[in-house]
Structures are given as structure tokens and as C-alpha cells.
Amino acid sequence: MTRARLTGVGHTQVGKLPGSSCMGLHDEAAHAAIADASLKLRDIDGVLCAYSLAEPHPMLASYFCEYVGLQPAFNLAVQAGGATACIMIMQAAALVESGVCRHVLCVTGDTRATGMARDGGAVAALAGFGHPQFEQPHGMSVPAAYALVAQRYMHEYEATPEQLAAIAVEHRRHAARHPGAHMRDPLQIEDVMRSRLISSPLRLLDCCLVSDGGAAVVVSASDAARDTRAPVSLLGAGQGHTHEHIVAASSLVEFGCRQAADRAFGRAQVNRSDIDVALVYDSFTITLLIQLESIGFFEKGEAGRAALAGELGLNGRLPCNTHGGLLSFGHSGAAGGMFHIVEAVRQLRREADARQVSDAELAFVHGDGGILSAHCSLILGRC
């Protein structure tokens, strides 16, 4: 099979961006990625768009194409929560490998920080994700659902709040090396432990940021990538889906990330020990901890201790979320997952500056949508 190439990446500023709009962020990110690939807007013949909570539209991909003046051969909106970005890349690869398209633009963005009232908008939207019959009437929210997972995990594996806090601290350390990160101020374990309780045992600094921002990636056919600047290969991809609502999950400590990763590694024909840098969805500290173990990078109960020991750091056993992740770089809806992909490409191109992982050849990216519901894994390599 002719492998797809990631040929261009780009993102906007991230944080609170007053006056920005969903389409404006899409447009800025898209043009940055297209320019990064040494292409022109007219070269794009496929478009994959995500979704927006701040500016919802039933045909957001068509709206975007109209906004920028594109009439692509293929156009589709994708909605899978935090797994959306990785699924978009997987879909784009299928389009170019099958010959339907030559260059597919995958674009995401939202104004979660300034485009939605905090209590009446962002928080209300998160509360609406619960099952309408079995969860919403009882006050379930996204943080509460992840707290339920955290309680069970900590009970089974004797994990500690300090271990969760260590994940947040390491992410802030990574973000401090990225000039575009939303939050760069130093953070200590004690700061996390003293932050406001959101849903026991999760505290404010165990939770991802709420940001404005956009990100985009261009995926090209292998022969079409020859004239682009610095392509990266998609070696393998896989998905795993076990449930939608946490009330229906068969386990609170094992999820579809295992199946998604197994499929991606099988298709790439590489091992977990071959991975040089990991970019794994981190909506909460517990999200990352559980996924690192379910994916198979650590044994059960080990990831928290590894975080405390610095093994997720730049020079650790598995450098993880070197841009700062959702916890510190920023989280603006589907763009949150796309930031992970952008960082993976920059690591493999040796463009990560102060946060560069030495001699990175293989990167693993994972997206998680819903309450650990939808999962997609990507394995990227230097061409």
C-alpha cells in the first residue's frame, strides 16, 4: 500500500483570543498548514472539518469551504470528540491512498474560551454529554464521569493524588518550552494538590484548559508529497470503540485505546518500545495515566509512579506531550487533539526547538473522545 504523508501543519495562537471566530481560526490554521506544505489553496481537493460548540453549524465543512473559497472533490465533517483529529487523519489517508484525492486538508478550531459563557456555555455543554435517561437526571457531567473512573482506578491500583499531580506538573514543564502555549507559569505538585476540588479526586489543575485556537494538517498522496517541504509518513492507524456513555462501559479501567493501539502497531509493524515520543490525549490527568497503561506503554499501576520519577519528561523513558498537551498547551475542542498531531510532526522534522526529543524517528499519537469512548491511534515516522 502507498503510504499517506503528512505534508503540512499549522496552528493559530492559543489561549483567550477576544474577537476571534470559529471560521476565522479555521481559515488561519488552514492557510498556515497549506503554506507549511509549500502548496496553494487551489491544490487542496479534499477537506475534512470537525465541529464547533461555540458556533455550531449542521454543515460546518461546507461552511468552511464557502468561507475560504474552496470547491473540493470530497468534503466531510467529522465528530468524535477528542478522537476527531486522529480519525480525520486516518480518513484523509484512506482518501489519498485510494486515489480519490491528492491533498486533503484536515482543519479544526473553536472559541471555547471567549465564544462561550463559562457557566451557561462551556460548562453546560459538558453537562449535556451524559446519557439523557440514566446520567443527566442525576447531575452527571464530563468531569464527574472522569472522576468516577479515577476513583475506581485509584482503588484498584493504589494510585495517589500526587501521581496525578505529577502528570500536570510535567505537562507544565513541557509547555514552558513552547512559546505558543496557553499556560507557561511554573507549577509544583503542591499547587495541584491545593487547587479547587472539581469532582473528587480531580482538582482544577487535574483538568484540561478551556482555550480558543485552531489547528490544521495537510495529508497528501505519496507521489504528490514529493514537491512538499518535509513530509512525515503515516505508518499505521487504528480505532477502538467500546461504549458511548460511562454507564454502559464494561470496565472503568480498560478501554478501547488498547484495541486502537494494537491495530495501529500491527499495521505499522513496529513495537511500543520503538516509539521515541508519545502524544496522548490528556483531557484530565487520569485520562493520560489510564491510557498510557491500556495502550501498553506501562504496566497497570506503573504510569503514575513513572510520572513522579520524571519518565514522561523530555529526557525520560517516554517523552509525552512535549508541547504541554491539553493540560497546559491548550484545549479548543477538536483542535486540542490536532495540536498533538502538529507537535508529533514537528518532533519528527526536528523542528521542536527547546523541547526537541533527540533523534526522534517514530511518534505515537492517540485521541480519546467522550468518556474514554472513541479511540484512534496513529503511528508516524520520518520519511
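User: What counts as a helix in this predicted model?
Analyst: The model is predicted. Helices are read from DSSP and numbered from the N terminus. A helix is a run of H or I with a length of at least four residues.

User: How many cavities of 30 Å³ or more does a search of the whole structure find?
Analyst: Rolling a probe the size of a water molecule over the atoms shows where empty space is left. The largest cavity has a volume of about 30 Å³. For cavities of 30 Å³ or more, the search of the whole structure gives a count of one.

User: Which element gives the largest share of the lining of the largest cavity?
Analyst: The lining residues include His11, His178 and His323. Phe329, Phe339, Val342, Glu343 and Arg346 line the largest cavity too. Four residues of the lining, the largest share, come from α12.

User: Is His178 buried or exposed?
Analyst: The cut-off for buried is under 20% relative accessible area. His178 has 6% relative accessibility. That value is under the cut-off, so His178 counts as buried.

User: With which side chain does the side chain of His178 make a polar contact?
Analyst: Set aside the neighbours within four places in sequence. His178 is then in contact with His11, Arg184, His323, Phe329, Glu343 and Arg355. The polar contact, at 3.3 Å, is with the side chain of Arg355.

User: What is the relative accessibility of Arg355?
Analyst: Arg355 lies in the loop between α12 (334–348) and β10. Leaving aside neighbours within four places in sequence, its contacts include Arg177, Leu314, Thr322 and Gln347. Arg355 counts as buried, because its relative accessibility is 3%.

User: How far apart are the end C-alpha atoms of helix α3?
Analyst: Helix α3 covers residues 84–97, which makes 14 residues. At 1.5 Å a residue, α3 should span 20 Å. The end C-alpha atoms agree with that, being apart by 20 Å.

User: How many of the 14 residues of α3 are buried?
Analyst: Among the buried residues are Thr84, Ala85, Cys86 and Ile87. Leu95 and Val96 are buried as well. α3 is largely enclosed by the rest of the structure, because its buried residues number ten.

User: Which residue with a positive phi follows α3?
Analyst: The phi in question is near 90 degrees. The residue that follows α3 with this positive phi is Gly99.

User: How many of the residues of helix α9 are buried?
Analyst: Helix α9 covers residues 285–295. Its buried residues include Thr285, Gln291, Glu293 and Ile295. α9 is largely enclosed by the rest of the structure, because its buried residues are eleven of the eleven.

User: What is the separation of the C-alpha atoms of Leu289 and Ala306?
Analyst: Leu289 is in helix α9. It is buried, with a relative accessible area of 0%. Not counting residues up to four places away in sequence, Leu289 touches Tyr153, Leu164, Ile167, Ala303 and Gly304. Leu289 and Ala306 are 17 residues apart along the chain, and their C-alpha atoms are separated by 9.7 Å.

User: Which residue just after α9 takes a positive phi?
Analyst: The positive phi is about 110 degrees. The residue with that phi just after α9 is Gly296.

User: In β7, which residue is the bridge partner of Thr108?
Analyst: In a regular strand the side chains alternate between the two faces of the sheet. Strand β7 (residues 212–220) has nine of its nine residues buried. Nine bridges join β7 to strand β4 (residues 103–111), and the two run antiparallel. The partner of Thr108 is Ala215.

User: In β7, which residue is the bridge partner of Leu6?
Analyst: Strand β1 (residues 5–11) is joined to β7 by six bridges. The two strands run antiparallel. The partner of Leu6 in β7 is Val219.

Methods:
Residues are numbered from 1 along each chain as its sequence is written. This is a predicted model: local features need pLDDT of at least 70, side-chain atom pairs count only at pLDDT 80 or more; totals for chains, interfaces and linings use all residues. Side-chain values use heavy atoms; hydrogens and water are left out. Buried means under 20% relative accessible area, exposed over 50%, partly exposed in between (1.4 Å probe, protein chains only). A polar contact is a pair of N or O atoms within 3.5 Å; within protein, one must be able to donate a hydrogen and the other to accept it, and residues adjacent in sequence count only if both atoms are side-chain atoms. Contact means heavy atoms within 4.5 Å. The expected span of a helix is 1.5 Å times one less than its number of residues. Two strands pair if DSSP finds at least two bridges between them. On a 1 Å grid over the protein atoms alone, a cavity is a set of points where a 1.4 Å probe fits but cannot get out, and a pocket is an open set with protein on both sides within 12 Å along at least five of seven lines; lining residues have an atom within 4 Å of a point. Grid points are joined across faces, edges and corners, and a volume is the space filled by probe spheres set on the points.
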